Amino acid sequence: PNSNQLTISFNNASFEHGYEFWGTLPRLIHTPSLDSTLNSFMSSFVNGHIPLLEGSDASGRLSIIRNHACQLGRFLFVARPFPDISEYFMSRILIGSSSSGSWAVFTDIDKLSHSCLSYLFDNMRSINLAQSAGNPRITISSRMADLNKFSRVLITSHYLKDQMPNLPPQFRSCIRPIALLKPDYKRYTEIKLQSLVFKDAK
């Protein structure tokens with residue numbers, strides 16, 4: 001009651017709210033399988049691991065991250081894997097996220113080149129280690145930048161089971177894959193219609 005901070009609790013973990021106003025909460029349909037995924041994601045998040053949300057299209061990978069960023073009051077920048085993405089562009093995103101305390105998510109990393117994946121991993125690991133050590137600054141691509149302890153860099157992909165051998169070894173050793181089940185579109189549609197007060201949603 002005597003604090004000016006807003007704290008968000010998830011199980012036994014607490015997070016300081018970032019006061020980023022999203023307007024309306026991004027819609028996320030909760031199912032038993034999704035709740036299990038949320039627990040695994042937050043467990044990795046709290047313990048400083050690198051969670052990798054993997055699943056098919058429309059499985060809710062990005063929706064989960066958007067929902068969490070909204071609830072914790074953090075700005076979220078989404079980086080798409082366009083063909084000519086470069087290390088320079090990635091460094092701008094990482095520096096911006098690190099210095100501002102916002103979140104950055106690199107989607108569909110299975111479409112990135114081997115060199116881009118190696119660059120992304122090296123910097124994600126450096127950021128995590130620096131945050132754990134309480135360092136106020138970090139070097140990204142030979143440039144010194146402020147390091148906000150609330151910044152996060154997240155990743156998503158399609159299923160990587162067949163592509164895992166092609167990933168950089170250091171990447172495979174540190175990421176924690178969290179698989180989302182193929183969505184039950186029929187059930188999701190029923191829940192959506194029921195939320196809109198349709199009497200007969202089946």
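Colleague: Where in the chain is Y19 found?

Modeller: Y19 is found in the loop between β2 and α1; helices (H or I, at least four residues) and strands (E, at least two) are DSSP runs, numbered from the N terminus. This is a predicted model, in which local features need pLDDT of at least 70, side-chain atom pairs count only at pLDDT 80 or more, and totals for chains, interfaces and linings use all residues. Residues are numbered from 1 along each chain as its sequence is written, and side-chain values use heavy atoms, with hydrogens and water left out.

Colleague: What is the phi of Y19, positive or negative?

Modeller: Although Y19 is not a glycine, its phi is positive, at about 65°. Most residues other than glycine have a negative phi. S142, in the loop between β6 (137–140) and β7 (143–146), is also a residue other than glycine, and its phi is a positive value near 65°.

Colleague: Why is α3 called roughly parallel to α4?

Modeller: Two packed helices are described by the angle between their axes and the distance between the axes. The axes of α3 (residues 87–100) and α4 (residues 114–133) cross at roughly 20° and come within 11 Å. That angle makes α3 roughly parallel to α4, because angles under 35 degrees count as roughly parallel, over 145 as roughly antiparallel, 65 to 115 as roughly perpendicular and the rest as oblique. The axes are lines fitted to C-alpha atoms over the stretch in contact, with angles from 0 to 180 degrees between N-to-C directions.

Colleague: Which residues of α3 and α4 meet?

Modeller: From α3, E87, M90, S91, L94 and S98 meet S115, C116, Y119, L120, N123 and I127 of α4, contact being heavy atoms within 4.5 Å. This contact has six nonpolar, four polar and one charged residues. Ala, Val, Leu, Ile, Met, Phe, Trp, Tyr, Cys and Pro count as nonpolar, Asp, Glu, Lys and Arg as charged, and the others, Gly among them, as polar.

Colleague: What makes α1 oblique to α2?

Modeller: Their axes come within 12 Å and cross at roughly 60°. At this angle α1 is oblique to α2. In this contact L34, T37, L38, F41 and M42 of α1 meet I64, I65 and H68 of α2. Six of these residues are nonpolar, two are polar and none is charged.

Colleague: What is the volume of the largest pocket, and which residues are closest to its centre?

Modeller: The largest pocket has a volume of about 400 Å³. Of its 17 lining residues, R27, L28, I29, S63 and Y188 are the closest to its centre. Two or more lining residues come from each of α2 (61–71) and α6 (185–195). By class, the lining has seven nonpolar, five polar and five charged residues. A pocket is an open set of points on a 1 Å grid where a 1.4 Å probe fits, with protein on both sides within 12 Å along at least five of seven lines, and lining residues have an atom within 4 Å of a point. Its volume is the space filled by probe spheres set on the points, which are joined across faces, edges and corners.

Colleague: Which element gives the largest share of the lining of the second largest pocket?

Modeller: That share, five residues, comes from α4. The second largest pocket has a volume of about 280 Å³.
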